[in-house]
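Welcome! Take a moment to turn the model around on your screen, and then we will walk through it together.

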Amino acid sequence: AILLVVGIPIVYFAATVLLRPFRLLEAGSEQIAKGNYSHTVQIRSADEFGRLASAINVMSREIEEAHGKQVSYGIQLEATVAARTRELERMKVGLEHAVAERTEQLNSTNARLTEQSAELSRHNKEIILFDRSNELLQACQSEAEACSIISRMADELFQGDSGALYL
């Protein structure tokens, strides 16, 4: 009975003293795992627990520094991306303006070329008609035959125009 009365407090005291460092290490590790990198494990002994706590504290500081660098790099990267995006947007607007301007020039040039092509086509048709009429007129035997050819030629040359031709 005396052994129980004396033994239980001694076992309780020994368990408390031995388990306290484990609990402190566990609590500190949980805090660090949650992202609280500034947390330090408060074990100051020179035994294995103290060395382990010191190593965890060093690791926690290094993680905190690395995390800080990573956050700083992320902010810097976001600023660089934002600046480049603004620059690209300005370039895009400039290119859109240049493309619109060039498209307008090309459309205008295309319209002029279409008109010139139509005019050349009309002139070409007139030249062919005059050439054919010339051949027919040279082969005419009478003045009436020549007048008939000239009348047909005038109808073809002046399609859609009203008026009269006096020969």
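## Charges

How many positive and negative side chains does the chain have, and how far apart do the centres of the two sets lie? In this predicted model, there are 17 positive and 23 negative side chains. The centres of these two sets lie 17 Å apart.

## Overall shape

Let's look at the fold next. The chain contains three helices and zero strands, so its pattern along the sequence reads α-α-α.

Now for the dimensions. The C-alpha trace spans about 160 × 30 × 25 Å along its principal axes. The radius of gyration is 51 Å, whereas a compact globule of 167 residues would have one near 15 Å.

## Surface and contacts

What share of the residues is buried? In this chain, buried residues make up 12% of the 167. The chain exposes about 13700 Å², and carbon and sulfur atoms supply 60% of that area.

Contacts tell us about sequence distance too. Among contacts with a separation of 6 or more, 37% are between residues 24 or more positions apart.

## A nonpolar core

Seven residues form the largest nonpolar core: Leu25, Ile32, Val41, Ile43, Phe49, Ala53 and Ile56. Two elements, α1 (2–33) and α2 (48–138), each give two or more residues to this core. With three residues, α2 gives the most.

Leaving aside residues up to four places away in sequence, Val41 touches Leu24, Leu25, Gly28, Ala53, Ile56 and Asn57.

Definitions and conventions:
Residues numbered from 1 in each chain as written. Predicted model: local features only at pLDDT ≥ 70, side-chain atom pairs only at ≥ 80, totals over all residues. Heavy atoms only, no water. Helix = DSSP H or I, 4+ residues; strand = E, 2+ residues; numbered from the N terminus. Rg over C-alpha atoms; globule rule 2.2 N^0.38 Å. Buried < 20%, exposed > 50% of the residue type's maximum accessible area, 1.4 Å probe, protein only. Contact = heavy atoms within 4.5 Å. Areas by Shrake-Rupley, 256 points an atom, 1.4 Å probe, with all protein chains shown as cover. Lys, Arg positive; Asp, Glu negative; His and termini not counted. Charge placed at Lys NZ, Arg CZ, Asp CG, Glu CD. Core = buried A, V, L, I, M, F, W, Y, C linked by side-chain atoms within 4.5 Å.
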